[in-house]
Amino acid sequence: MKPMNFRRPQGQHRSTFRSPAGTALILPAAVLALSFSSPAAAQGNVPKAEADAKLRYCEVCHGVSAQGFHGYYPIPRLAGQPTEYLKNQLQAFVEHRRTSNIMFNVGHVLSPAMIDALTTDFNQLNPKPLGGAPKENIDEGKNIFENGVAAGNVPACASCHGPQAKGNGPFPRLAGQLYDYITAKLTNWEKERGQNPAQPDISAVMQPIAHSLTQPQIKAVAAYLSYLE
Amino acid sequence: MRALNSLQAERTSRTLVRAATWTLRSVGSRVGLAAGALTIVLVGAVSAQHRISLSGDIQAKISYCKDCHGVSAQGFNGYYPIPRLAGQQPEYIENQLRAFIEHRRTNNIMFNVAHSLSPAMINALTAHFASLNPPPIGGAPRRLVATGRKIFEDGMPEVNIAACAACHGPEATGSGQIPRLAGQLYPYMLKTLNNWDKERGRNPTVPDAAAIMSPVAHSLNRSQIEAVAAFVSTLRPPRGTPNTVQ
C-alpha cells in the first residue's frame with residue numbers, strides 16, 4: 001500500500017523509453033525529446049495548478065472523489081484504478097478501440113505528462129463505493145468471482161483481477177465499480193471494447209468469458225463488486 | 001343502501017366478482033352504479049371519496065401550475081423567465097420542490113407553492129409534467145446554435161469544460177435528478193448558469209447535487225453560456241426518449 005501523500009518526484013520522466021545506460025544519458029535524452037515533442041510533454045511533469053484543474057474537470061463527471069457517478073450513463077469509478085489500465089483505456093478512446101465521442105475528445109488533448117499525473121492521482125484515491133446495487137445475490141457473485149463457474153466454463157475473475165479485485169497492470173480494478181457500469185460492459189462486451197479491428201487489444205481476453213456468463217450471473221458478480229472496498 | 005343491496009342480490013356471482021375489481025370509472029350505467037356502490041362497500045367509502053377528490057384537486061393544481069409555467073408547461077416569460085416543466089424528469093422536479101422548501105433554492109413564490117403539496121400530489125404532478133412534450137417556445141439567437149451544439153456534445157477539453165451530454169444525455173433529456181434541458185427557456189438558462197452559486201445549493205446545512213454543476217458553470221464564459229443556452233432551447237427530443245441507464 002502506497003502512502004496517501006505519495007507524489008512523483010518533480011522532474012522525473014516516466015517514459016518507458018528511458019535509457020537503461022544510467023543517469024549520464026538522461027540530460028541528452030531530455031534535450032532530444034524536446035526537439036520531437038511539445039515543451040509540456042518534454043518537461044516530464046505539468047504545473048500542479050494545471051494538473052489539479054484537469055483533475056477537477058475529470059471529477060465533474062466521474063464523481064468528486066472519482067468514485068463514479070450516475071450521469072445520463074453510468075460513469076465509471078476511476079479511484080484506485082491501476083495506472084496502466086487507465087492509460088490503455090485513454091489510448092483506446094483515441095484509437096477508437098472504445099467508441100465514445102465524449103471520451104475521445106477528453107483523451108486526445110491530454111499530454112503524456114498530464115496522463116502520468118492524472119493516472120497517478122486516481123490510483124491513489126480510495127473513497128467508499130457508491131453502492132446502490134441489489135443485495136440479494138451478493139453471495140453468489142462472490143462465489144463466481146472467487147471460484148468461477150466450472151460447469152459454464154467461466155474462470156475465476158480473481159485469477160486476473162486479484163482476490164480483492166484491485167486489478168493489476170492492464171487488468172482493471174473492479175472493487176467498488178458501479179453496478180450498472182459492470183452490467184452494461186459485460187452484457188455488451190463486443191460493442192464496448194476492441195472496436196478497432198486494426199488494433200487488436202487485451203480486451204479480447206474477456207470476450208469469451210463475458211459470453212459464458214448468463215445475465216443473472218453478470219448481475220450477481222456486478223452486485224458483489226460494487227460493494228467491495 | 002337497502003335498495004342497492006336488493007339490486008345486487010339479483011346479480012350473478014360473476015358480476016359480483018367483476019364489480020369488486022372495478023373502479024369508480026364505471027359509475028354511469030345501472031350496472032356500474034351497483035358496482036360503484038359495492039366497490040365503496042368493499043374498499044371503504046372514505047378512500048374512494050378521497051380518490052375522487054384528489055383527482056379533482058390534481059386537475060385544479062395542474063391548471064394552477066400552468067398559470068405561470070405556460071398552458072402546456074412549455075415555460076413562460078413572465079416578469080422572470082419561468083422554466084419549462086414539460087418532459088422534465090419526475091425525480092428532478094421533486095428534488096427542486098424540496099429544494100425550495102429547504103431553502104436550497106431561495107424563491108418566496110415557489111416556497112409557498114411547494115410547502116402545501118402532499119407527496120401524493122407531487123407524484124401526480126411530476127408524472128403529468130413528464131408526459132408532456134410541446135414544442136419549445138424558441139426566441140434564442142439562431143446564430144449561436146451551432147457553437148452551442150459543439151459545446152454541449154463535446155465540451156471543450158482543452159480548457160476543462162465537460163461535455164453537457166455526459167450527464168444531461170445526448171438529446172438533453174436528463175436522467176433522475178439531472179434535469180432535461182431540451183426546450184428550456186433561453187433566458188432561464190442564461191440566468192441560472194450565469195448565477196449558479198446564487199441560484200442553487202443555497203443551504204450549507206443541506207448540500208445537494210447542485211455542487212456538481214458549480215465548477216462547470218464557472219468554467220463557462222458568458223458567450224459560451226449564451227451558445228449552450230441557445231442550442232438547448234431549440235431542442236425537441238421525441239416523446240419518451242429512452243433512457244439508456246439500466
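This is a predicted model: local features need pLDDT of at least 70, side-chain atom pairs count only at pLDDT 80 or more; totals for chains, interfaces and linings use all residues.
**View 1. Chain A as a whole.**
Chain A has 12 helices and two strands. Along the sequence, the elements of chain A come in the order α-α-α-β-β-α-α-α-α-α-α-α-α-α. Chain A has 229 residues, of which 37% count as buried. Among contacts in chain A with a separation of 6 or more, 70% are between residues 24 or more positions apart.

**View 2. Helices H4 and H5 of chain A.**
Two packed helices are described by the angle between their axes and the distance between the axes. The axes of helix H4 (residues 83–94) of chain A and helix H5 (residues 101–108) of chain A cross at roughly 110° and come within 8 Å. H4(A) is therefore roughly perpendicular to H5(A), as angles of 65 to 115 degrees count as roughly perpendicular. The crossing of H4(A) and H5(A) is left-handed. From H4(A), the contact uses A:Leu90, A:Phe93 and A:Val94. From H5(A), the contact uses A:Met103, A:Phe104, A:Gly107 and A:His108. Five residues of the contact of H4(A) with H5(A) are nonpolar, two are polar and none is charged.

**View 3. The contact between chain A and chain B.**
Chain B gives 22 residues to the contact, and chain A gives 20 residues. On the side of chain B that touches chain A, at least two residues come from each of helix H8 (145–154), helix H9 (165–168) and helix H12 (210–219) of chain B. H9(B) supplies the largest share of this side, four residues. The side of chain B that touches chain A is made up of 11 nonpolar, eight polar and three charged residues.

Notes: Residues are numbered from 1 along each chain as its sequence is written. Chains are lettered from A and ligands numbered from 1 in the order in which they are written. Two residues are in contact if their C-beta atoms, placed from the backbone, lie within 7 Å. Ala, Val, Leu, Ile, Met, Phe, Trp, Tyr, Cys and Pro count as nonpolar, Asp, Glu, Lys and Arg as charged, and the others, Gly among them, as polar. Axes are lines fitted to C-alpha atoms, for helices over the stretch in contact, and angles run from 0 to 180 degrees between N-to-C directions. Angles under 35 degrees count as roughly parallel, over 145 as roughly antiparallel, 65 to 115 as roughly perpendicular and the rest as oblique. A crossing is left-handed if the near helix is turned anticlockwise from the far one by less than a right angle, and right-handed if clockwise. A residue is buried if 20 or more other C-beta atoms lie within 10 Å of its own, exposed if 12 or fewer, and partly exposed in between; C-beta atoms are placed from the backbone.
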